[in-house]
Amino acid sequence: QVQLAESGGGLVQAGGSLRLSCTASGSIFRVNTVTWYRQAPGKQRGLVASITSGGTTNYADSVKGRFTISRDNRGKSVYLQMNSLKPEDTAVYYCYAEIVRSSSVDFTLYWGQGTQVTVSS
């Protein structure tokens, strides 16, 4: 059984910071690319940032210079440091990961349950 869980969301004033965490647990051999998505009410889910197992990162233009994605040495936890938050960053943030289970040779895609981020003006 593999699970992907996000944490760290909350309410913050514009200009503030939050740090989201995404942790994979269970019988895992390796976690490959991990991507943060977000979905605001009435809008489609969109990519925020991604990080490969080798540490290559990619960001949406709207968050470049404000958000930083990173992962721990074990590779099972990924973080999204969000600075200079704006009201338009308000959304549910989801973690999406390619995970190779211990019993498999290929990866399976997993979504977390989401964490709410609300930025007040």
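I call a residue buried under 20% relative accessible area, exposed over 50% and partly exposed in between, using a 1.4 Å probe and protein chains only. The model is predicted, so I take local features only at pLDDT of at least 70 and side-chain atom pairs only at pLDDT 80 or more, while totals for chains, interfaces and linings use all residues. I number residues from 1 along each chain as its sequence is written, and side-chain values use heavy atoms, with hydrogens and water left out.

**Entry 1: Trp-111 and its rings**

I looked up Trp-111 first. Trp-111 is partly exposed, at a relative accessible area of 40%.

Next I listed ring pairs. Rings of Phe, Tyr and Trp (its six-membered ring) pair if their centres lie within 6.5 Å; planes under 30 degrees apart are stacked, over 60 edge-to-face, and the rest tilted. I count four aromatic pairs by this rule. Tyr-37 and Trp-111 have ring centres 5.3 Å apart and planes at 55 degrees, so I log the pair as tilted.

Tyr-96 belongs to strand 9 (residues 91–101) and Trp-111 to strand 10, so here the parts tied together are 15 residues apart in sequence. I note a cluster: ring pairs link Tyr-37, Tyr-94, Tyr-96 and Trp-111.

**Entry 2: charges over rings**

I then checked Lys and Arg. A charge sits over a ring if NZ of Lys or CZ of Arg is within 6 Å of the ring centre and within 35 degrees of the ring normal. The charged end of Arg-45 sits over the ring of Trp-111, 4.6 Å from the centre. Arg-19 lies over the face of Tyr-79, 4.0 Å from that ring's centre.

**Entry 3: strand 11**

Which strands pair with strand 11? My rule is that two strands pair if DSSP finds at least two bridges between them. Strand 2 (residues 10–13) runs parallel to strand 11, joined by four bridges. Gly-10 has Val-117 as its bridge partner there. Strand 9 pairs with strand 11 in the antiparallel sense, over three bridges. Val-92 is bridged to Gln-116.

In a regular strand the side chains alternate between the two faces of the sheet. In strand 11 (residues 115–120), Thr-115, Val-117 and Val-119 make up the covered face, and Gln-116, Thr-118 and Ser-120 the uncovered one.

**Entry 4: Asp-89**

Is Asp-89 buried or exposed? Asp-89 is buried, with a relative accessible area of 0%. I find Asp-89 in the loop between strand 8 (77–82) and strand 9.

A polar contact is a pair of N or O atoms within 3.5 Å; within protein, one must be able to donate a hydrogen and the other to accept it, and residues adjacent in sequence count only if both atoms are side-chain atoms. The Asp-89 side chain makes such a contact with the side chain of Arg-66, at 2.8 Å. The Asp-89 side chain also reaches the backbone nitrogen of Lys-86 at 2.8 Å. Beyond neighbours within four places in sequence, contacts of Asp-89 (heavy atoms within 4.5 Å) include Arg-38, Phe-67, Val-117 and Val-119.

**Entry 5: the disulfide**

I searched for cysteine sulfur atoms within 2.5 Å, the disulfide cut-off. The structure holds one disulfide. Cys-22 and Cys-95 form it, with sulfur atoms 1.8 Å apart. Cys-22 is in strand 3 (residues 18–26) and Cys-95 in strand 9, 73 residues apart. The S-S torsion is about -70 degrees, so the disulfide is left-handed. Both Cys-22 and Cys-95 are buried.

Conventions
Helices (H or I, at least four residues) and strands (E, at least two) are DSSP runs, numbered from the N terminus.
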